[in-house]
Every structure is written in structure tokens, then in C-alpha cells.
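Please look over the model below before reading on. The text after it is a guided walk through its contacts, written for use beside the viewer.

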Amino acid sequence: MEAQAVTALELRGAHKTFRPIRWPWRRHDPPPAPGESGETGEADGTKRAVDALVDLSLTVQRGQIYGLLGPNGSGKSTLIRVVSTLIIPDRGEVTVFGHDVLREERAVKRLINRVSVEASFFKKLSPMENLLFGARLYGLDGRTARERATTILRRLHLRERSLWEPMEQMSRGMQQKVAIARAFLTQPILLLLDEPTTGLDPRSKREVQALVTELRREHDATVLLTTHDMQEADELCDRVAIIDHGRIVADGTPAELKARVPVEGREATLEEVFMALTGHGLGEPQAAGDEA
Amino acid sequence: MKALRHEARAACGFVERNVNLVKRYWVMEVVWLIYSMANALSVTFIGAGMKQISGQDVNVQRLTLYLLIGTLVWQYLSVVFELVSETIQFERWEGTIEYTLMAPISRFTHLFGATLFSLGYGFLQTALILAVVAGFFHLDLSGANLFGAALVLLAASVSFSGLGVVGAILPLLFPERGVQVVFVIQSVLLVVSGVYYPVTVLPHWMQPLSHLSPATYVLQGMREAILDGAPVVALLPAIGRLFLIGAVLLPGGVWLFGRAERFARRTGRLKRSG
Ligand SMILES: Nc1ncnc2c1ncn2[C@@H]1O[C@H](COP(=O)(O)OP(=O)(O)OP(=O)(O)O)[C@@H](O)[C@H]1O
Ligand SMILES: [Mg+2]
């Protein structure tokens, strides 16, 4: 018997354009011509609008591990921030288990947690102090928080001793593990992972991947994950969407995507799919957010 | 009930985190404490030396106490005012602000937690300075209305917490320069509030500014209570004003902070990298 499909996350026509802020007390250059948009013009320092998400729609079912692939600057982190209530979209609707991210912000916040590429912490505080603070914001008591933190960090093979030393003494990968622990600690039912394994050694990468599947299995969690590691996406994700210039250019199971790109004599790799669908062949330079 | 416990826990979480930060940055805290003590001492010594400076007979005891009240009250108020915005600034630097704003707590709880810490911290620091400075001077507090003074200070804490919350908007929107603006505001308050002199000596055009500053009422109230032993009834106008300012600034500040947060989320100003 198949469990009834429940929509964990839905974006309908979500759009986000970043525009330079026009402070009343600053002089401004004339606005760009209509239709023009792009990245900061480094040379003259003028900023232009960037379309980070272009009327994007996406549905993630409960229990899925959903992968988001895309070139640098394609809008993956923006999408994750929109779901985590950190960026307000210009238009479109975003719901988490039926709760609207704008109208029912608090309800959404209770259900989610996020790991970002950069591990943001109070660097002078120890992992334990940082995690304890994080846990309290989600209403956990000190003892539960400490127990869970220790269990998770032990699983990620972080030395017991480093739990009590300032974070600044830890390597990037070790800090990333603490960031992962911070998100897992609150047992979110929608976990947003923005390049969680970037900067981790192969073994740690495996451990994090195992932790993700375990969270799904044991807590019935749904995971939205961005990664630049094609193998990771292939092995971990039930479905994958490829996003480019703020638009989804393809989505499906990894097998479906691979079937789309014909390669003689064998099945395509996800990397080949990525290359083909994002329109940038090997060696072809591609700048983040060229005009969409 | 459960929700309330959650919010209380979160507020404690902010206090606990800041206490942990103070522990880690303890050298800086000690340096700052020594500086503040030296500052309070040197200002108070002006009173002690007034006979020699002016060559005239003055009430040294009263002048010394007058200056001491100024320096200590100012010390306390500036800590309460600064710390909230510094907390936000710090979160912006470390990039943790996204995580704090993502958490399922009300903005009131967040800012209340930060304020609670700054009140406690400011009070302890000022008490320590007082303990040291008191050893250098003969202070006669026999005629002082200490209870009245405490009431004034309580009311002052409320209004300055409000001011602190309003100030915290600046680093939220301008992580690089926000706190510098907070310091500029603080300097203006220092001049117009009569910390070391009666505001009546200010040029006429400046005096309206002194009415706008809650610090003016705090200092007047404290001096009336301690120097003149004024009864609580006489202090009520100052106390009332301070509570009123707080009643406007605190909720108003939290509301404004929320507006600023929405603006930051719309324009994508919260992120540092990634
Ligand atoms: N807060 C912001 N303010 C202004 N522009 C932004 C902001 N965040 C992202 N952008 C722009 O939006 C576009 C998408 O950025 P985003 O960070 O979502 O890309 P990404 O897919 O996560 O890239 P990467 O793989 O490098 O992490 C980029 O052009 C970026 O410059
Ligand atoms: Mg990104």
C-alpha cells in the first residue's frame, strides 16, 4: 500500500529580482534600460538588477530528498533563502506543508532548518555553546540539546575535546560539521541544505550523506539539497532539478535526466546532463548571472 | 503556556550566549572596565580639585557627588544603549543573523533577550566602578533618597532599552557603518543631556534638544534624589516621563526593527556570503 503523497514544499511562480537600493541621500546613476539586467559592472561600480529567480515553480513531496543543481549564480541559494523566510519573493507563492512563508511565517519557521555553505558561528564560542544557543531558539532545553549535539557530532567523528574549544580553532570542514549538527539538532521536518558537503573530505561527505538519509528514515523528514557534487546528487536524491539563470531547465529522477541526454553506447552521467542542459560546454567560460 | 516557555527559553538563550561571549572576550572586558574606572575617577577628581582650580571656596563634597552621579549614570545608560546594537552588529559580522532571524521566536523575545543582558551587564559594571571610586572619596549619602534614586534608574532602564532597540536597526541595515552612527547619537546625547553640568548652561538653541533626551530626566531625577534627598513624590514627574518615553520607544522600536527586517529581507541585505 502506498502512503498518500503529501506536498512538503511548493513554489508557484516564485520570482526574485535583486535591485540596487536607492538610498535617498546617495547620488544614483540613471537606471538601466528596460529589459537589461545583469551583475555588478565591476569597472564602473554601477549596479544593475539581477533576476535571481524567474517565475519558478517546484514541488517536493514529503519524504523526498530533492536535489537542486545549477551553475554558480543560478539562484540555488536564493531559492533556499526564500523557503527559509530570509528573502521575500517579489511575487509568487511558497508554501511549506501548506503554510505560506509570508503569511504563516512562524509556522514555517518551526518546521524548517537550514545549513548554508559558509558555517556562520560565533567564532570565539565553542561548538557546544553555539549549538546550545541555536537549540534554545527552537525551544529545546539544555540537556536535550547537549545530548543530541554530542550524538550527532560523535557520528561525524568530531573529537570530543573540540566540542569545548573556540570554533575559530577548527578547520573549515569541522566547522561545517557543526553547522550540520545545528540544523539536525532541531529535527526539522523540512531540511534545507545549501551545499552541505562542500569542503568535506570523502569520508565526512559519506557520513553527512548517511545522516541525511537517516533523518529522512527516522524522522520522516523532507530534504531540499543543493550541491555541485554530481555523484552525490545521483546517489542521494530521489529527484533532481537543474536550475539555470533562475529557471528550472529540467527535473526528474536522476535516471530520467540521464535518459534525456543521448551518449553513444552508454548511459550519460549526471555531469554530462548538467553540462548539456546548462548550455556551458567544457572550457566554455560562464559568468554568474549574465543577462538572463 | 508552552509557547510562553519557548519564548522565555529563547530570551534566556540570548542572555546565556552573551554571557559566554563576555567570558571568551574577558581580556577586552577587563581593559574596558579599567578604562571606565579611570574615566570615572578623573572626572570625579575635577570636583575634588575645584578649590585649587577656581581659587574660590566651593562645596567640594556636593560637586564631587554631582560629577560622580553624572559619570556613573552616563556609564550605565551608554552600556544599555550600545549593547543592543553591538549585539546585532556582531551577529551581522559573524553571519549568524540569518540563523537568529530564521528561528521561530518573536522579534520581541529576541530584542528583549538582548536588552535583558545589557541591563544586567550595565548594572554590574557600574556597580563595580562605584565600589572602586567610592574608596577614593569621602561620600556622604546620609541625606540621599536612595530608594527614589533606584526608582529613577528603573524608569531610565526602560526608556534606554527602547532607545537601544531603535539604535539596533542601524547595524541591521548597515553592518559596516551602523554602529558608528549609534556612537554619534550617543555623543550628541552626552552633550545635550547635562551629564556633567546643568542643561541651563547650554546655548539657547541647544536646550530644546535636552528636553528630547531621556538622559536629561534621568540625571535630574538622580541628582534631586541623591544630592537633595528629594522625596519620591517630587521625583514622580521625571519617573513618569521616563516610563512614558520607554512605553513609546520599546514597542515602537520593536515595530520599527520588524519593518527594517522586512526591508532587509526584501532587498536581500541579510546575507554576508554564500
Ligand atoms: N542578497 C543578494 N543581493 C543581491 N544580489 C544577490 C543576492 N543574493 C544573490 N544575488 C544574486 O543572485 C544571483 C543568484 O545567486 P545565488 O546565490 O542564488 O546563486 P547560487 O546558485 O547559489 O550560486 P553558487 O553555486 O555560487 O552558490 C547571483 O547573480 C547573485 O549575484
Ligand atoms: Mg549558493
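This is a predicted model: local features need pLDDT of at least 70, side-chain atom pairs count only at pLDDT 80 or more; totals for chains, interfaces and linings use all residues.

Start at ligand 1, which lies between chains A and B. Its surroundings comprise 16 residues, and the closest of them are G73(A), K76(A), S77(A), T78(A) and G268(B). Sorted by class, this shell holds 8 polar, 4 charged and 4 nonpolar residues.

At N72(A) the side chain supplies an N or O atom, 3.0 Å from an oxygen atom of ligand 1. At G73(A) the backbone takes part instead, with an N or O atom 2.7 Å from a ligand oxygen. S74(A) likewise uses a polar backbone atom, and the distance to an oxygen atom of ligand 1 is 3.1 Å. On its own, ligand 1 has 630 Å² of accessible area, of which the protein covers 81%. Two elements of chain A, β2 (50-61) and α1 (76-83), each give two or more residues to the shell. Of the elements, α1(A) contributes the most, namely 3 residues.

What is the relative accessible area of K16(A), and is the residue buried or exposed? K16(A) has a relative accessible area of 1%, so K16(A) is buried.

The side chains of E16(B) and R136(A) meet at 2.8 Å, N to O. E16(B) sits in helix α1 (residues 2-24) of chain B and R136(A) in helix α3 (residues 127-137) of chain A, so this pair joins two chains. E16(B) is partly exposed, because its relative accessible area is 24%. R136(A), at 14%, counts as buried.

R62(B) and D228(B) form a salt bridge whose closest N and O atoms are 3.1 Å apart. R62(B) is part of helix α4 (residues 60-94), while D228(B) is in the loop between α10 (214-227) and α11 (232-267), so the bridge ties together parts of chain B that are 166 residues apart in sequence. Both ends are partly exposed: R62(B) has a relative accessible area of 37%, and D228(B) has 47%. Apart from these pairs, E105(A), K109(A), R107(B), E261(B) and R265(B) are joined into one network by salt bridges that share partners.

The last stops concern single residues and their neighbours. T186(A) is located in the loop between α5 (172-185) and β7 (190-194) of chain A. With a relative accessible area of 13%, T186(A) is buried. The side chain of T186(A) makes a polar contact of 3.0 Å with the side chain of N113(A).

In chain B, L153(B) belongs to helix α7 (residues 146-173). Its relative accessibility is 19%, so L153(B) counts as buried, the limit being under 20%. L153(B) and L219(B) are 66 residues apart along the chain, and their C-alpha atoms are separated by 9.3 Å.

W26(B), V27(B), V30(B), V31(B) and I34(B) make a nonpolar surface patch of about 490 Å². Among these residues, V31(B) is found in helix α2 (residues 26-48). Why does V31(B) count as exposed? Its relative accessibility is 52%, and exposed means over 50%.

Terms used
Residues are numbered from 1 along each chain as its sequence is written. Chains are lettered from A and ligands numbered from 1 in the order in which they are written. Side-chain values use heavy atoms; hydrogens and water are left out. A residue is near a molecule or strand if one of its heavy atoms lies within 4 Å of it. A polar contact is a pair of N or O atoms within 3.5 Å; within protein, one must be able to donate a hydrogen and the other to accept it, and residues adjacent in sequence count only if both atoms are side-chain atoms. Accessible areas come from the Shrake-Rupley method with a 1.4 Å probe; for residues, only the protein chains shown count as cover. Helices (H or I, at least four residues) and strands (E, at least two) are DSSP runs, numbered from the N terminus. Ala, Val, Leu, Ile, Met, Phe, Trp, Tyr, Cys and Pro count as nonpolar, Asp, Glu, Lys and Arg as charged, and the others, Gly among them, as polar. Patches are made of residues with over 30% relative accessible area and no salt bridge: like charges are joined within 9 Å, nonpolar side chains (Val, Leu, Ile, Met, Phe, Trp, Tyr) within 5 Å. A salt bridge is a side-chain nitrogen of Lys or Arg within 4 Å of a carboxyl oxygen of Asp or Glu. Buried means under 20% relative accessible area, exposed over 50%, partly exposed in between (1.4 Å probe, protein chains only).
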